[in-house]
Amino acid sequence: MEKIRVMFLCTGNSCRSQMAEGWTRQLASDWIEVRSAGIEAHGQNMLAIRVMSEVGIDISSQESIRVNAEMLEWADVLVTLCDNAEEQCPVPSAHTSRLHLPLSDPAKIRGDEATLLTEFRQCRDRVRQRVEYVLQQLEGKLSVNGR
């Protein structure tokens, strides 16, 4: 069976979309091929890496990259994780389904380390919920289409 190709997109590809890529690899790598990108590339976020490692997922080798036309052509499903990405995203390929599941950006929060870690952990958990929702939707389509 050919894997479904899913692209997660957010503004800077440093937190939310990186977490979504990590969760998807953990939860569905046997039937999903996943990538993440951003409207911009803000680099790796050490707090995102840290909170994902707390749940046993290593995203430290993932790169922060800008979305391009080739990626949009590659994707079967494009999931935008913030309003900016939804508004700024170039038009995906005609065969690409689009899903918008916005989350606030934990990188914009200011505070001490404890405050930041709390925000990043909450975001990590919300990202997992979004990924699980996407996987449920895709499993439903597979069942309907007889795959």
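1. Let's start inside. About 30 Å³ of space lies in the largest cavity of this predicted model. A search of the whole structure turns up 1 cavity of 30 Å³ or more.

2. Now for the open side of things. The largest pocket has a volume of about 240 Å³. Of the 20 residues lining this pocket, Thr11, Arg16, Cys82, Asp105 and Lys108 are the closest to its centre. Its lining does include charged residues, 4 of them, along with 10 polar and 6 nonpolar.

3. Arg16 deserves a look of its own. You'll find Arg16 in helix α1, which covers residues 16–28. Is Arg16 buried or exposed? Arg16 counts as buried because its relative accessible area is 4%, and the cut-off for buried is under 20%. Keep in mind that Arg16 is also one of the residues closest to the centre of the largest pocket.

4. Who are the neighbours of Arg16? Leaving out residues up to four places away in sequence, Arg16 touches Cys10, Thr11, Leu81, Cys82, Leu103, Ser104, Asp105, Pro106, Cys123 and Val127. With Leu103 there is a polar pairing to check on screen: a polar atom of the Arg16 side chain sits 2.8 Å from the backbone oxygen of Leu103.

5. Zooming out to the helix itself, α1 has 13 residues and runs 18 Å from its first C-alpha to its last. That is close to the 18 Å expected at 1.5 Å a residue.

6. Why is α1 described as largely enclosed by the rest of the structure? Because 10 of its 13 residues are buried. Those buried residues are Arg16, Ser17, Gln18, Met19, Ala20, Glu21, Gly22, Trp23, Thr24 and Ala28.

7. Last, have a look at Asn13. Asn13 sits in the loop between β1 (4–10) and α1. Most residues other than glycine have a negative phi. Asn13, though not a glycine, has a positive phi of about 50 degrees. Asn13 counts as buried too, because its relative accessibility is 0%.

Methods. Residues numbered from 1 in each chain as written. Predicted model: local features only at pLDDT ≥ 70, side-chain atom pairs only at ≥ 80, totals over all residues. Heavy atoms only, no water. Helix = DSSP H or I, 4+ residues; strand = E, 2+ residues; numbered from the N terminus. Buried < 20%, exposed > 50% of the residue type's maximum accessible area, 1.4 Å probe, protein only. Polar contact = N/O pair within 3.5 Å; in protein donor to acceptor, adjacent residues only side chain to side chain. Contact = heavy atoms within 4.5 Å. 1 Å grid on protein atoms, 1.4 Å probe; cavity = no way out; pocket = protein on both sides within 12 Å on 5 of 7 lines; lining within 4 Å. Points joined across faces, edges and corners; volume = space filled by probe spheres on them. Nonpolar A, V, L, I, M, F, W, Y, C, P; charged D, E, K, R; others polar. Expected span 1.5 Å × (residues − 1).
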